[in-house]
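Have the structure open as you read.

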Amino acid sequence: MSIHKIAYKETGYFSKLICDYLEEHESLNQFYGNFPTLENFKKQLEAKSFSQEKRSVLVSALQNQYKNLELGEAVESAIEQLEQENTFTVTTGHQLNLFTGPLYFLYKIISTITLSRKLKEAYPDHNFVPVYWMATEDHDFDEINYFRLHGKKIQWNREDIQNNDKGAVGALKTEGLQEVFNLICAELGNTQLAKELCDLFESAYLKYDTLTEATRYLAHRIFSQYGLVIVDGDDHQLKWVFAPYMKQEILENKAHKAVSTQAEKLEKAGYSVQVNAREINLFYLSDGIRERIIEKEGRYFINDTSIEFSKEELLAKLEETPEAFSPNVIMRPLYQEVILPNLAYIGGGGEIAYWLELKSFFDAVEVPFPMLMVRNSALLITEKQQEKLEKLHVSIEDLFLNQNDLVNRKIRKISNIDVDFSPQKKHLVKQFEDLYALASETDASFLGAVKAQEVKQLKGLDHLEKRLLKAQKKKLGDHVKRLTDIQNELFPLENLQERIMNFSEFYLEYGSDLIPQLFDSLDPLDYRFTVITK
């Protein structure tokens with residue numbers, strides 16, 4: 001196994017905002033607190049306070065959430081440590097994608113676990129617990145109901161969702177997944193590794209009743225030995241802790257004011273805004289319903305329903321049943337930081353982009369802002385793929401080129417005729433310099449005609465070069481096909497592998513070595529793209 005690192009901005013797959021953040025550009029300093037270096041965690045530890053009462057509630061909630069699972073020594077120890085005042089968390093979050101969804105699900109969690117280990121080495125007087133926050137309250141079923149395997153979309157179709165069930169996806173029943181299970185096993189084949197994957201899917205999705213329970217089991221089965229603690233925010237005890245902040249949101253609209261101002265500043269600094277705050281950034285959550293709360297003339301309405309409350313009724317509902325209220329994308333980060341002794345959040349580019357809109361809101365409600373860490377990104381290259389790349393003389397850097405540029409560059413290298421007209425163009429420009437001088441000395445009105453002729457002849461050379469290159473591509477068609485095929489394998493749908501492919505394909509290649517090799521290869525404090533060759 002070998003590891004190659006590339007700057008994120010050199011890959012062409014990451015936004016200017018994320019690249020500038022990782023380079024600590026001054027234009028972004030006001031949008032976050034401590035930049036995530038190992039040394040800066042000392043400041044974060046000093047800034048984060050977490051009461052014993054909150055710790056007790058958190059531990060009690062987790063013990064209840066894990067009641068149907070065998071904890072294992074590492075997870076049991078981690079939960080017990082959370083009751084100690086010297087224990088802190090680092091957190092990542094992810095949707096309840098079917099069978100983990102895209103490959104980067106693994107990268108997020110591995111980054112989080114590895115960071116916890118590094119922090120323990122650097123600050124041995126403290127304990128650090130890695131947390132995976134399940135997005136059980138999301139309601140966009142179409143975003144999570146599939147994953148890709150061998151280029152095919154394996155999808156879970158449900159009639160109740162098609163009939164406009166807009167409730168939290170975590171509460172969805174797993175019935176109907178037998179058909180998906182059959183499709184997966186047929187696609188995976190009959191090897192021992194394929195059978196292990198089928199067993200994992202069956203144990204998670206055919207033996208647990210809800211998507212929340214299935215996802216918890218799946219993540220626990222993969223990562224429990226590493227002490228990963230899985231948190232479900234859809235919880236009465238945890239919402240009770242957060243209730244004062246939800247009440248403040250209903251009455252004072254602090255999020256809308258603070259986030260809107262910060263979003264405007266981001267736009268003025270030249271960056272795109274990821275999300276926009278609403279007047280009230282909470283949903284009403286009930287069976288089959290997760291809808292916005294809207295205030296009109298002192299009354300509170302649940303969007304697209306006949307449900308409405310007076311202010312007094314809504315606040316009474318919040319006090320009695322806080323789990324009936326669900327934070328949206330603006331409030332969820334605050335919820336996390338209120339109920340966890342958290343130091344850092346590890347997320348993808350889109351997540352970090354919306355977190356960067358929230359710093360002033362956290363300041364307004366007097367909650368410490370966590371360190372924001374861009375999760376590890378990686379490209380896995382199998383042994384066979386590496387052999388193909390070597391035969392084609394394709395470097396790691398070449399792989400990240402636009403496909404047309406990659407093909408043109410390689411054709412120029414292997415062609416037996418020179419298809420680079422740069423010397424001829426330089427010679428032509430030099431010739432026209434003499435013509436410009438001659439025109440200036442005789443009649444300056446001819447300068448325009450000389451310029452037009454220069455442009456015409458340079459365009460002619462460009463046209464000839466392109467025709468010759470096209471002819472060479474056709475002549476070397478086999479080489480071009482092998483070149484494009486390998487790039488398409490590694491960048492499916494012209495995107496990063498980790499955003500499209502599921503871990504199961506790589507488990508078939510690496511087996512039980514997959515997770516350990518990723519732990520060995522990914523460093524959450526190394527803010528570069530990782531290429532891993534077997």
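The side chains of T87 and N127 are joined by a polar contact of 3.2 Å (a pair of N or O atoms within 3.5 Å, one able to donate a hydrogen and the other to accept it; residues adjacent in sequence count only if both atoms are side-chain atoms). This is a predicted model, where local features need pLDDT of at least 70, side-chain atom pairs count only at pLDDT 80 or more, and totals for chains, interfaces and linings use all residues. Residues are numbered from 1 along each chain as its sequence is written, and side-chain values use heavy atoms, with hydrogens and water left out.

T87 sits in strand β2, residues 87-94 (strands are DSSP runs of E, at least two residues, and helices are runs of H or I, at least four, both numbered from the N terminus). Is T87 buried or exposed? T87 counts as buried because its relative accessibility is 0% (buried means under 20% relative accessible area, exposed over 50%, partly exposed in between, with a 1.4 Å probe and protein chains only). Leaving aside residues up to four places away in sequence, T87 touches R55, Q81, L82, N127, V129 and P341 (contact means heavy atoms within 4.5 Å).

Now for a pair of helices. The axes of α9 (residues 192-206) and α10 (residues 211-223) come within 7 Å and cross at roughly 145° (axes are lines fitted to C-alpha atoms over the stretch in contact, and angles run from 0 to 180 degrees between N-to-C directions). On the α9 side the contact is made by D199, L200, S203, A204 and Y205, and on the α10 side by L211, A214, Y217, L218 and R221.
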